[in-house]
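Dear colleague,

My notes on what was found in it follow directly after.

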Amino acid sequence: MPAPDATQLILDAALVEFERHGFRRVALDDVAKRAGVSRTTIYRRFVNRDELVGAVIERENVALFADIAHELKAAGPQSNYYVEAFTLSILRFRRHRVLNQMVIDEPALVMELMHRHYGAAVGRMADALRVIFPPGFADRIGERAVNDLADTILRYAAMALLLPSVEPLQTADDIRAFAVKHFLPSLPAALRTISA
């Protein structure tokens, strides 16, 4: 098996440092030391710490969305794919130590990164939906409806993760109840009439 390249070593080291110290308090010298590279090597690949933070979050989100799609696909038919995709997205995000800690400690950073990378996140969620839907379903509802659903899931997930709630949103059942009450009625009209 080939050795990881310097970029992967840097991203791995940054993830550990972010988990230990938070996103704003990490020194690039610590990342370089943990990765076994020079600070110059980091700067050859990332313009600044913000770009490194963005790259780590992007990589972790790609893996997270792939895991969500795989888990939902493996679970088989659901009573409502929309509710299950939403619920699992919240639960898996909360289980990710670094991403969840970022939401708790750095909500302003989360909003900043969402503004910068939201289009890519919608694309990842749409790709995950195409994997978990029954064969042919995504084609039947069309690309626009899949993208609208991905956008709606992400908006409601951000709300559930970032904003306080008078309703409990801790367990899978809590999140499903929230999804049925608030999320499902908000779906694009083209999706409300079609069940996966």
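Helix packing and domain contact

Leu149, Thr152, Ile153, Tyr156 and Met159 of helix 9 are in contact (heavy atoms within 4.5 Å) with Phe178, His182, Phe183 and Ser186 of helix 10, helices being DSSP runs of H or I with at least four residues, numbered from the N terminus. By class, this contact of helix 9 with helix 10 has 6 nonpolar, 3 polar and no charged residues, where Ala, Val, Leu, Ile, Met, Phe, Trp, Tyr, Cys and Pro count as nonpolar, Asp, Glu, Lys and Arg as charged, and the others, Gly among them, as polar.

This is a predicted model, in which local features need pLDDT of at least 70 and side-chain atom pairs count only at pLDDT 80 or more, while totals for chains, interfaces and linings use all residues. Residues are numbered from 1 along each chain as its sequence is written, and side-chain values use heavy atoms, with hydrogens and water left out.

The axes of helix 9 (residues 143-162) and helix 10 (residues 172-186) come within 10 Å and cross at roughly 140°, the axes being lines fitted to C-alpha atoms over the stretch in contact, with angles from 0 to 180 degrees between N-to-C directions. Helix 9 and helix 10 are therefore oblique to each other, since angles under 35 degrees count as roughly parallel, over 145 as roughly antiparallel, 65 to 115 as roughly perpendicular and the rest as oblique.

For helix 6 (residues 97-105) and helix 7 (residues 107-132), the axes come within 5 Å and cross at roughly 110°, so these two helices are roughly perpendicular to each other. Met102, Val103, Ile104 and Asp105 of helix 6 make the contact with Pro107, Leu109, Val110 and Leu113 of helix 7.

The chain is divided into domain 1 (1-47) and domain 2 (49-193), with bounds from an automatic or database domain assignment, and the C-alpha centres of the two domains lie 27 Å apart.

Best regards
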